[in-house]
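Hi everyone, thanks for coming. Let me put the sequence and the model on the screen, and then we can walk through a few places together.

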Amino acid sequence: MDSTKSTNSHARPLELWGGLECTVNRVRDDYFHQLDRNGHASRADDIARFASLGIRAIRYPVLWERTAPEGIHAADWTWPDERLNALRAHGVTPIAGLIHHGSGPRHTSLVDPAFAEQLAEYAGAVAARYPWIEYYTPVNEPCTTARFAGLYGVWYPHGRDDRTFVQALLNQCRAVVLAMRAIRAVNPDAKLVQTDDLGKTYSTPEMAKVAEFYNERRWLAWDLLCGMVGPEHALWSYLTKTGIPAEEFLWFRDNPCPPDVIGVNYYVTSERWLDHRPDRYPAHHRGVADGIPCADIEASRALATPTAGIAPLLHEIWDRYHIPLAVTEAHIDANREDQLRWLLEIWEAGKEVRANGVDLRAVTVWSLLGSFDWNSLVTCNNGYYEPGPFDVRAPEPRPTAVARMMRELSADAPLSHPVLRGQGWW
């Protein structure tokens with residue numbers, strides 16, 4: 001994993017990273033732990049499996065809710081001690097994640113004024129114990145998490161209004177700033193890999209204003225961290241109309257913490273289509289946006305002509321920030337053939353944008369052990385499983401065709417699977 005700041009990506013090959021679905025989300029008083037569901041919590045030999053894929057780095061959980069739910073004084077470091085040192089021994093760089101769609105231990109929440117300081121205290125403890133760790137994602141997908149927890153009511157604290165959404169977003173971004181400050185007090189060279197979902201919204205002309213708003217909103221977490229939010233910002237009026245004091249937004253101008261690497265998470269669900277004719281769509285896609293009844297559906301399922309995919313989105317984010325990028329989650333819930341095709345499409349798009357001057361460092365294969373119940377946004381335990389490079393439904397995790405493809409990509413070897421010559425359903 002190359003930490004140089006040069007924007008000349010041609011000097012380095014595109015790296016292959018891995019990611020472990022590790023969400024700990026709260027739904028009312030219940031916590032949902034992916035690491036328990038996929039078995040990694042109790043299976044130390046997974047580290048060797050991950051290393052066998054040829055990945056250079058891995059997004060790896062050192063989660064607040066699992067390590068120190070009762071406070072730093074009662075933290076149990078046994079599990080991260082073992083796993084992080086094993087990664088180090090295998091030559092795989094960890095990108096330590098401290099909150100992954102979580103809201104913290106039971107005594108706090110995304111709208112708790114003390115949330116940021118408490119996470120920063122935990123971050124400082126992590127850095128003190130593992131001063132050799134260089135890369136961190138203190139909070140995964142703050143804008144997306146704020147939407148699910150503060151706007152859609154799906155996760156704790158189940159808000160359904162703009163103020164709760166914006167407050168949850170501010171608290172998470174403030175937590176990133178303070179966490180990195182605490183980490184850099186131990187390791188001044190520590191680097192921030194800031195992830196969020198990057199999609200785009202398309203629409204019928206009647207929904208154009210809503211689509212424009214959504215396409216501005218997707219930048220908010222990165223904009224805040226880069227100190228770009230002030231009275232001239234496109235969403236300033238929206239943000240301040242929530243009643244949250246202007247100084248809470250302007251704080252980020254005085255305390256910027258721009259990412260060292262912007263992490264782009266991209267799914268087939270990331271690009272959306274808004275239609276003012278909801279009666280044309282199944283009931284579960286219908287809703288109201290800005291007071292207008294509409295349908296909100298994946299663009300790939302609604303448009304006759306596919307969108308151009310991730311490549312133009314990577315150009316958009318590069319043009320906005322000029323900060324090195326990585327695709328930090330690439331995964332599709334599909335059959336084996338389409339999982340291979342999706343990864344190839346992302347990889348080829350990565351090489352294309354690099355050739356056009358975008359400093360893209362890596363593509364991350366997400367869900368190395370698969371994921372559970374994301375079709376319900378992890379709100380219940382129905383046992384719905386999406387395999388990844390390893391399928392955990394066997395007595396021992398079984399390598400899939402994606403694992404073989406990863407080994408070929410990491411070795412810069414020819415891709416061998418014949419289905420890659422076909423097209424994905426999207």
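Let's begin with H7, which has 25 residues and reaches 37 Å from its first C-alpha to its last. That is close to the 36 Å expected at 1.5 Å a residue, where the expected span is 1.5 Å times one less than the number of residues. Helices (H or I, at least four residues) and strands (E, at least two) are DSSP runs here, numbered from the N terminus.

A quick word on the source: this is a predicted model, where local features need pLDDT of at least 70 and side-chain atom pairs count only at pLDDT 80 or more, while totals for chains, interfaces and linings use all residues. Residues are numbered from 1 along each chain as its sequence is written, and side-chain values use heavy atoms, with hydrogens and water left out.

Back to the start of H7: there, a side-chain oxygen of aspartate 161 comes to within 3.2 Å of the backbone nitrogen of arginine 163. That is a polar contact, meaning a pair of N or O atoms within 3.5 Å, one able to donate a hydrogen and the other to accept it; residues adjacent in sequence count only if both atoms are side-chain atoms.

Now, how do H6 and H7 cross? The axes of H6 (residues 142-151) and H7 (residues 162-186) come within 8 Å and cross at roughly 145 degrees. Axes are lines fitted to C-alpha atoms over the stretch in contact, with angles from 0 to 180 degrees between N-to-C directions.

A cis peptide bond joins tyrosine 156 to proline 157, with omega about 10 degrees.

Histidine 322, not a glycine, has a positive phi of about 50 degrees; look for histidine 322 in the loop between H13 (310-321) and E13 (325-330). Aspartate 412 also has a positive phi, near 55 degrees, and lies in the segment after H15 (401-410).

Zooming out, the chain has 15 helices and 18 strands.
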